[in-house]
Amino acid sequence: MDFAEPDGPLDDPPTLDAVSAEFPVRLATLVAQPSIRETGVSTIASSSDGGPFQLDAAAISYAILWNPDDLDDPINHVRLSPDLEAALADPSPRLPPTAVEWMRWMRFPAAYEAVQTVVPRDDESVADVLALHMRNVIGNTFREERDPTPHEPDAFIDEPSALDAVPSSILIDGEEVACVEIGDEHVVGIGVGLGDAVAAVVWPRHLLPLVRLELTRRPRPDE
């Protein structure tokens, strides 16, 4: 049996505009500011009783710029592995343009899935949504720092808990709105109800000086 990879171009990953158009509500994102760029989106979908899949959550990732006036300034760049450097210098012809563009942003510090918009289940609180997303982000970006248990690869020390949520506030479209915050060693976690959804902001603490944690609702492509 032949398990060789098929020839030809790979599928184009979904763009942020495409996800915004398909998502049942407008996505939350950080307000535009010189030090950040939206670079990609990850989604979670579910199906009920074998019906069509529907997007339940979408999380936007960002590139962080120390010097937004000069993207080629070495101060902006992170160290890459030799294999990734070679892939960036000569992208595979199988990669679609969207994937090549996403790879180019890997030269910059990243805030992985920093703003997630969730259509929650009836039994999920804002704090529940935030704690779950914090665990996901920490598990993907700070695993070495959090000393994962060798025999429990999905576990790590000091997991965020919804029970630790405290009242706070955040600006959304210039208006101060009540939210909850969960403290953590490596990230700041903020959760806020949007009426038709929940936004979970999980931002790396070491990148806080470069950003305002202020939200807006992202227009759909046809708006």
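The model is predicted: local features need pLDDT of at least 70, side-chain atom pairs count only at pLDDT 80 or more, and totals for chains, interfaces and linings use all residues. Residues are numbered from 1 along each chain as its sequence is written, and side-chain values use heavy atoms, with hydrogens and water left out.

**Fold**
- The protein chain has four helices and nine strands. Helices (H or I, at least four residues) and strands (E, at least two) are DSSP runs, numbered from the N terminus.
- Their order along the sequence is α-β-β-β-α-α-β-α-β-β-β-β-β.
- The radius of gyration is 19 Å, close to the 17 Å that the globule rule gives for 223 residues, so the protein chain is as compact as a globular protein of that length. The radius is taken over C-alpha atoms, and the rule is 2.2 Å times the number of residues to the power 0.38.
- Among contacts (heavy atoms within 4.5 Å) between residues at least 6 apart in sequence, 63% join residues at least 24 apart.

- Of the 223 residues, 40% count as buried. Buried means under 20% relative accessible area, exposed over 50%, and partly exposed in between (1.4 Å probe, protein chains only).
- The accessible surface comes to about 12,800 Å², by the Shrake-Rupley method with a 1.4 Å probe; for residues, only the protein chains shown count as cover. Carbon and sulfur atoms hold 53% of this surface.

**Nonpolar cores**
- A nonpolar core is a set of buried Ala, Val, Leu, Ile, Met, Phe, Trp, Tyr and Cys residues joined through side-chain atoms within 4.5 Å.
- The largest has 32 residues; Leu30, Tyr62, Ile64, Val115, Val192, Trp203 and Leu215 have the most contacts inside it.
- Elements that each supply at least two residues of this core include α1 (16-22), β2 (36-46), β4 (110-118) and β8 (198-204). The largest share, five residues, comes from β3.
- Apart from this core lies another, of 15 residues, among them Ala131, Met134, Val137 and Phe156.
- Beyond four places in sequence, the contacts of tyrosine 62 include Leu30, Ile36, Pro109, Val115 and Trp203.

**Proline 24**
- Proline 24 sits in the loop between α1 and β1. Proline 24 is partly exposed, with a relative accessible area of 36%.
- Not counting residues up to four places away in sequence, proline 24 touches Gln54, Leu55, Val119 and Arg220.
- Proline 24 and alanine 57 are 33 residues apart in sequence and 9.6 Å apart in space, C-alpha to C-alpha.
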